[in-house]
Amino acid sequence: MKFKAFLTEHGVSLLERRFLPALDKMGKICHLFLTRDHAIFLHNLLNGDGVQCIAQFRKEALFDDYRISSQNEDRIAFAIDVSLLLRAVRSSVSICTEFGNGPSANRLQIKLVKKLPPNCTQPMPFLTFETKGYKSAVIQDVPISKPLSRAQVLELQTALDIAQDLPQTLVQVPDLNQLQNFVERMKHVGDLLNVSISKYGDLHVQISTTLITLGAEFRKLLVIGEQAEAPSEDRNLSAQSRSERAISRGDAQSVQVSVKHFSRSLQCHLAKPDCAFYGIAPQGACLTVIFQFFIPGTRQTDKSISLHCRLPVLDPG
């Protein structure tokens, strides 16, 4: 089982300034799943408890001279502490900046190794960063779990495949800051959030307690997938009435999620997505948030990186 690659300048920037800070907010430990073509960060896919988060990169988006081999179809997966990984990347960047010059400057190598730590009798696995300057090299070891077995990798791949299924209707929320500000206020009201999404392009979020009901509606959003025309007779109704009528017609779905989970998923704004899409899985299985990234200077989707979350739904009964 071997893995070795060089992080590109673009890859370092993506990880250090955007994706690792976002993933760090999602949870302390995640799985890093390396394949022949992709590097994938996965939160909560195997235990199913809490927000599932998946950040996927084509190898070219992060690395050059990418080499991987294993007896499991060149797939390697292990658990890693995101904060330690972020610290190692940031430290390596500062070393590159301070000492790097000459033809080998700013070359940050990353590889899997086994080492014997102090006061241990068994070698332990590490993800090692090696920063090569003009006259010296600095090595940093990030401890990782024992690599997953063939059966565990298959379980992880199956969970990943299931998590890639898209809801039939997605609505685009271009202004995540507005939604985030609203949810921050909601956190002080209650713990449960009702979310409904219609084929008309409406996103309705509402929190209710015995004393207060607070809600917001985002209307006429861009719809991807199944869509429908909003009936003209609903035009002058309240947001809640419109939402209820759309659900009764089968033109909308509604789920209840934890405000804490919803707020945590919005921490993905640290990855600097250009917009987000919300959708509800068939039979209300989960609330899905897909973050979209554009190729810099264009409105074209950057297909080399993807990020999405799946929020568990709560039983309103």
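How many bridges join strand β2 to β3? I looked this up in a predicted model, in which local features need pLDDT of at least 70 and side-chain atom pairs count only at pLDDT 80 or more, while totals for chains, interfaces and linings use all residues. Residues are numbered from 1 along each chain as its sequence is written, and side-chain values use heavy atoms, with hydrogens and water left out.

**Entry 1: strands.** I found 4 bridges between β2 (residues 29-34) and β3, which run antiparallel. Strands are DSSP runs of E with at least two residues, helices runs of H or I with at least four, numbered from the N terminus; two strands pair if DSSP finds at least two bridges between them. L34 stands opposite A39 in β3. The two strands, β2 and β3, form a hairpin with 3 residues between them. I then noted 6 bridges between β3 and β4, again antiparallel, with H38 partnered by R58 in β4.

**Entry 2: rings.** I searched the whole structure and recorded 7 aromatic pairs. Rings of Phe, Tyr and Trp (its six-membered ring) pair if their centres lie within 6.5 Å; planes under 30 degrees apart are stacked, over 60 edge-to-face, the rest tilted. The F19 and F57 rings have centres 4.9 Å apart and planes at 75°, so I list the pair as edge-to-face. F19 lies in helix α1 (residues 9-26) and F57 in strand β4 (residues 52-58), so the pair ties together parts 38 residues apart in sequence.

**Entry 3: burial.** I take buried as under 20% relative accessible area, exposed as over 50% and partly exposed as in between (1.4 Å probe, protein chains only). F57 counts as buried because its relative accessibility is 0%. In β3, 5 of the 6 residues are buried.
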